[in-house]
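Here is a short note for a first look at this structure. Please read it with the chain open beside you.

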Amino acid sequence: MNKLITFILFSFITVAGFAQANLLSGNVSDASGQGMPGVTVLVKGTNNGSITDLDGNFQINVTSGNVLQFSYLGYESQEIIFSNQTSLKIVMKEELTVLNEVVVIGYGVQKKKDITTAVSVVDEKAIRDRPMISAAEALQGKAAGVQVSSPSGKPGVGLSVRVRGATSVIAGNEPLYVIDGVPSTDIQGLNPNDIASMSVLKDASSASIYGARAANGVVIISTKRGKDAAPSISFNSYFGFSQLRKPIEVLNTKEYRKLMSEIGVSLDPSATGYTNWNDKTFGTGQSQAYQISITGGNEKSKYFISTGYLSDAGIVAPAKFDRYTVRVNIDNQIKPWLKMGTSLNVLHLKKKDTPDNASSGRGGVIMSALNTPPFLGVYKKDGSGWYDPNPFQPSWENPVAYMEGAEQQAVDDHMIGNIYLEGIIVKGLVFNTRLGTEVNFHQWEYYLDPFKTNYGRHLHGIGRADKTNYTSWMWENTLTYTKSLGKHNLTAMAGSSIQKAETRNSFLEGNDFPENTSVTTLNAANVITGYTGFEHWAIASFFGRATYDFNSKYYLSATIREDGSSKLNHHWGTMPSFSVGWRVSSESFMKSLTFIDDMKIRGGWGKNGNQEGIQNYTRYGLVEYFRRTPTDPLSGPNAVWTTYGNPDLKWETTAQSDIGFDLYMFNYRLTVNFDAYYKKTTNVLLPVKWPSTAPVIYMQTNAGTIANKGIEFNISSVNLDKKLRWTTDFNMSFNKNEVLKLIYTKVYFEGATYSNNSLASTVKVGMPLGSFFGYVSEGVDPETGDIKYKDLNNNGIFDTGDRTIIGNAQPKFTFGLTNTLSYGRFDLNIFLQGSYGNDIFNATRMDLVGMFDSKNQSVDVLRRWTSPGQITDIPRAVGGGNTDNVRNSSRFIEDGSYLRLKALTLSYKAIENNPHLKAIKKLSVYVTGQNLLTLTKYSGFDPEVSAYNNIATEMGIDYGTYPQSITMIVGLNVEF
C-alpha cells in the first residue's frame, strides 16, 4: 500500500514538473526600436496576462506550447508560440487597416474606404472617455456638421441635435434615430454605456434610404453585442456633484427699499429682514451611476447582458432624473447558413420637474429666485407652515414655494426591441427579416395642497393626472446580393418596411379638495375636468440601393425609396439619391506623392422628406368637444373648430447636394475629412392666418422654402507616438440658414411674449430662422432717463413700424477639439467645445432691469439714471407697470459665443492583466470635470441656453432657464 501511494505521488510530481510554468521575459518595441509601454501580453484562451512597462519590458508565466498574444490599439496584433525560449523581442507594426473599418449605414454596413457619402462615426472609445447621462452627449463636438446643445441644465431634459441646420418651422428638426434597426425619435432613456457606435448620416445620399423620415439626418445607433470569447464581467460606477457656474447678483433689502420708494411702492416699515433667495434656490446637485454587464459566447452563440441605474439630482430642487435599464442582446448561429438574434432594452424612468422658462408670476422658479422681494421669508412667522406670500402680488409665490409646494412626478416604462432572422439563400444572396416594437407607458401626477401656497388656497387644492400609452410595431425585410468579378464589385439591396403606431392619452384635473383631510386622490375633488384622446398613423415603404466599384478606385451608388404615409392625402412620395467616388490616390500620377496614403473625392445628391412633425390628422378639419359647465353633466357638449383641414398638404421635401474628400497622410497619422453642401427644403409647413372673423384662426399649409448651405471638416492626427502618445481630433462646421420664400405673407411672427407682451422672433424672407425682432436701442437719453429707439421709418414718432431684425440665434460656426495624452498607465483627455457668432435674446434681463413694478432687480440698476445730464446704460426707475424701457430691442441682444472646457478627464489604469491577480483583469479609476471653464461675454447664467429650443423660430431665448452647472465626477471601471 505504501509503495502504491509513493508511486502515485511520484507520478503527479513528474507530470507537474513537465507542466511547470516558465517565467518568460521580453521586450516590445515599435518599428523604430522605441520600447512600447501598455502593450497587452496574454496567453491565448486564458486570463493569464501581463502588460509592458514604460520601457516595453514584460514578464509572464508560460508553458511550452502556449500561444502568446501581443495587442495594442493602432497596431497589428501578433501571436507567438512559446517553445521554451528564455526571452522574446517583439516588434509591433502599425495597423494600416483604418480604411477597412466597418461602418454601419442604413440597412447594412460598408468599409470606410468604400463610403461615398457624408457619414460621421462616433465609436465606443469616444463614448467611454467621459461619463455621460444622455447618448446625444456623445455627438457634441465630436461630429462635424452636427450641432448638439443643452437647452438647459435641468436633469432629464433632452439635448437638441441639428444635422446641417434647421429645415422646418413647425414639423421638427431632430434627426431620426435608428436603434439596432428600430426607428425612434427619442433616445433619452438609452444608456450610453451600452452603445458600440453611432453613425450620423448627414447628406441626402446616405440618409435617403430612410426616405420621408430623413430630412433632418439619421443617427444609427448600434449597441454592444457578444463576442466569441470567455465570459467577461464589467462593472462601471461614478459619483459626482455639481454647483452653479455663475450667480446673478440682485439687490439686498436696503437697496430694494430705496428702489421701491423711487417708483412709489410703499413698504411696511417692519419689512427689514433679508433672505438670500439665490442661496435658498441654488444648491448642490448630485449624480451617481452603476452598471454591470456580462458578455461572451462561442462560435454558435454570443450574448451581451447589462443592467444599470442612474440618478441625477439638479442644482435646483426638486429636479431629478432616475433611470433603470436592462439590455439583452443575443446572436445565435443556428445553422452555417442561418442566424437568429434579438435586441431588447427595457427602461424605467422617473422625473421630477423644476418649473422654468416662465416669469416669477407664472411659476418660474429661476425668475422667482431673482425677482422675489428680499425682505420676505420662506415661511410665515405665525408657525402655520404656510409659505410667506408676496404682499404686492398675492398670486406670486417665493421660489421655495414653487420648488417644494407641489408633489409631482412623471414615470415612464419604456421598451424597444427587435428579433431578426438572417439566412444565406445562395452564395452572395442574404435575406434578413426583422420584427421590431417600441412601447411607452407614461404617467404624470401632480398635487398641490389647499393650505401652504397662495395658489393652492385660492383653488382649494389642485390635482392633475396625465396618462399616455404609445405602441409601435414594424416589420422589415431586405434581400442583399453581393458579387465580385475580377476588379468589379457589386452590391444590390431591396427591401420593404411597414410601421404602425398608436397613442392613447387621458388627462384629469380636479380642485376644491376637502380642507379637513389629507386625501390627495382626484376622487376627493369637488370639480373635475378632463379629456381623452386616441391617435394612430402608419407608413409603408419600398426601397432599394445598388453600389458598384471598379478596383476600389471608381465608385457609383444609387438609392431610391417610396414611402406611403397615412398622415397625408397625397400618401406616396419618391425619394431618390445617388453618389459617386474617385480614389485619386490609386492613379499613377499620384505615386510620387508618397506622403499621401489614401485620397478619395466623393459627391452626391438626393431628396428626403420630413413626416415626423406632421400631426396625424392635419388633413382633416378637427373639432373639439367639451361641456359648457364642467360641474354639470347635463349641460350638454359644446363643439368648436380647432383647425381647418388641408387635403392638399404635402410633407416637407429636402433636396441636398454634397461634395467632399477624405485624405490620409504620413502613414495614416493625419486624417482630413471635408464636405461642402447645399440643402433646399420646399413645401415648408407654416400656420397661415385667416381673417379674424373666421371660426378658426390658423390652417397648416405648405407655404415656404428654406435653405442651408455650409462647409465642415474634421482633422485627426497622431502627434506623438512614443512613451508619450498624443492624439488630436478637431472639427468645425459652418452653416448659413436662410428663408428663401414665403407664400401668402411676407412675414410670420412667432415666439413667446414677455413683460412687454410683444413677440420676440420672426420668420422673414432673406433672414435665418431664429431671427430676433424688435426696436434698435440707441441707449439712455441723458435728459429724460428713458431708452431712445431708432426711428427707422422716419415718420418722427415712435411706433411699431420702427421694428426690425435685431439679432440672429444661428451660430456662424461651431467646433470641437479633443486632445488625448497617454503615458504609461495614465490617460488625460481634454475636450473643448464652442460656438461663435450666435446671439442670445436675454429676456431674463427684462425683468431684472425694468424697474416697472415690485420685482427685485439685479445690481445693475444701482447705476440707473437719476438726474438730467447723467450718462449711463440703465434707464430711470418708472414703476406703474410702464414697460416702455424694456421693449424687445437690441438692448437685450447679447453675444452668445463661447469657448468651453466641456470635459477634462484624468484616468489611471491601476490593474491591466496582472498575472498575479486572477479575478480582476482590468481596473481603472478616473476624475472628470465638466464645464470647468467657460469663456464668454454673455451676462446671463450660461451661454449654452435655449428656453424653447424645440421650436426653430424661438431658439436662443433665455427666460429664467434652468442653468448649466459645473460638475466634478469620480469613477471606477472594473473588468473581471
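1. Start with Glu-124. At 30% relative accessibility, Glu-124 counts as partly exposed. Keep in mind that this is a predicted model.

2. Glu-124 makes a salt bridge with Lys-224, and the closest N and O atoms are 3.5 Å apart. This pair links distant parts of the chain. Glu-124 sits in helix H2 (residues 124-128). Lys-224 sits in the loop between strand E16 (218-223) and strand E17 (232-244), and the two residues are 100 apart. Lys-224 is also partly exposed, at 22% relative accessibility.

3. Next, the pair Lys-202 and Glu-712. Their side chains meet in a salt bridge, N to O at 2.8 Å. Lys-202 lies in the loop between strand E15 (195-201) and helix H3 (204-207), and Glu-712 lies in strand E36 (residues 704-721), so the pair ties together parts that are 510 residues apart in sequence. Are these two residues buried or exposed? Both Lys-202 and Glu-712 are buried.

4. Lys-202 and Glu-712 also belong to a network of salt bridges. How many salt bridges does a search of the whole structure find? The search finds 38.

5. Asp-873 and Arg-863 form another salt bridge, with the closest N and O atoms 2.8 Å apart. Both residues lie in the loop between helix H9 (843-849) and strand E47 (893-895), so this pair ties together parts that are 10 residues apart in sequence. Asp-873 is partly exposed at 41% relative accessibility. Arg-863 is partly exposed at 38%.

6. Now look at helix H4 (residues 253-262). Thr-253, Tyr-256, Leu-259 and Met-260 are buried there. Seen down the axis of H4, the buried residues fall within an arc of 125°, so they line one face of the helix. An α-helix has 3.6 residues a turn, so residues three or four places apart point the same way. The face of H4 turned away from the buried side carries exposed Lys-254, Lys-258 and Ser-261.

7. Check both ends of H4. At its start, a side-chain oxygen of Asn-252 comes to within 3.2 Å of the backbone nitrogen of Lys-254. After H4 comes Gly-264, with a positive phi near 80°.

8. Gln-69 stands opposite Glu-79 in E6.

9. Some backbone details are worth checking. A cis peptide bond joins Ala-317 and Pro-318, with omega about 5°. Pro-318 is in the loop between strand E19 (301-313) and strand E20 (320-335).

10. Two residues other than glycine have a positive phi: His-460, near 55°, and Asn-551, near 60°. His-460 is in the loop between helix H8 (454-458) and strand E24 (462-485). Asn-551 is in the loop between strand E26 (527-550) and strand E27 (554-565). His-460 is partly exposed at 30% relative accessibility, and Asn-551 is partly exposed with a relative accessible area of 35%.

Note on methods
Residues numbered from 1 in each chain as written. Predicted model: local features only at pLDDT ≥ 70, side-chain atom pairs only at ≥ 80, totals over all residues. Heavy atoms only, no water. Salt bridge = Lys/Arg side-chain N within 4 Å of Asp/Glu carboxyl O. Helix = DSSP H or I, 4+ residues; strand = E, 2+ residues; numbered from the N terminus. Buried < 20%, exposed > 50% of the residue type's maximum accessible area, 1.4 Å probe, protein only. Arc of directions from axis to C-beta. Polar contact = N/O pair within 3.5 Å; in protein donor to acceptor, adjacent residues only side chain to side chain. Pairing = 2+ DSSP bridges.
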